[in-house]
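Please look over the sequence and the model shown here before reading the briefing. The notes concern strand pairing and helix packing.

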Amino acid sequence: MLRGVALRVTRPRMAVLSAVYEHPHADTDSLIGVVRASLGGVSHQAVYDVLRALTTAGLIRRIEPPGSVARYEARVGDNHHHVVCRSCGVIADVDCAVGPAPCLTPSDDHGFVIDEAEVVYRGLCPDCSTATSS
Ligand SMILES: [Zn+2]
Ligand SMILES: [Zn+2]
């Protein structure tokens, strides 16, 4: 997978990439925790650098829901959206609303060729809505 995008395969890169695969939408701190558990003394900076390199290479996607720290996921290239819980911050994937990506047609595209639409749905997750109503 790394070989296809001209990134050198290193142990930290493999560890970070598999951490992102196993923990979709995790933030940097939790990914550092996961990588350290498998690789030992890896520095914060090293993990940041790898996350940046993998994002630039298009292997992972960086999302930044408003009001949240940056998070990473391995599901790339399909312009899917996210639903974020207002109370506990849990994030889930939502496919494009209607038809192929990008699913939103702007009222005025200003002549741009648009290939991405960013949508964040907000509300209460099942756990939190049950907690409030009881
Ligand atoms: Zn919640
Ligand atoms: Zn996602």
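This is a predicted model: local features need pLDDT of at least 70, side-chain atom pairs count only at pLDDT 80 or more; totals for chains, interfaces and linings use all residues.

Side-chain values use heavy atoms, with hydrogens and water left out, and residues are numbered from 1 along each chain as its sequence is written.

**Sheet**

- Three strands, in the order 5-4-6, make up an open sheet with mixed pairing; strands are DSSP runs (E, at least two residues) numbered from the N terminus, and two of them pair if DSSP finds at least two bridges between them.
- Strand 5 (91-94) and strand 6 (120-123) are the edge strands, each pairing on one side only.
- On average, neighbouring strands of this sheet are turned by 25° against each other, direction ignored.
- Four bridges join strand 4 (residues 81-85) to strand 6 in the parallel sense, and C85 has G123 in strand 6 as its bridge partner.

**Helix pair**

- Helix 1 (residues 11-22) and helix 2 (residues 28-39) have axes that come within 9 Å and cross at roughly 125°, where axes are lines fitted to C-alpha atoms over the stretch in contact and angles run from 0 to 180 degrees between N-to-C directions; helices are DSSP runs (H or I, at least four residues).
- Helix 1 and helix 2 are therefore oblique to each other, a term for angles that are not under 35 degrees (roughly parallel), over 145 (roughly antiparallel) or 65 to 115 (roughly perpendicular).
- The contact (heavy atoms within 4.5 Å) brings R11, P12, A15, V16, A19 and V20 of helix 1 against L31, V34, V35, S38 and L39 of helix 2.

Definitions and conventions. Chains are lettered from A and ligands numbered from 1 in the order in which they are written.
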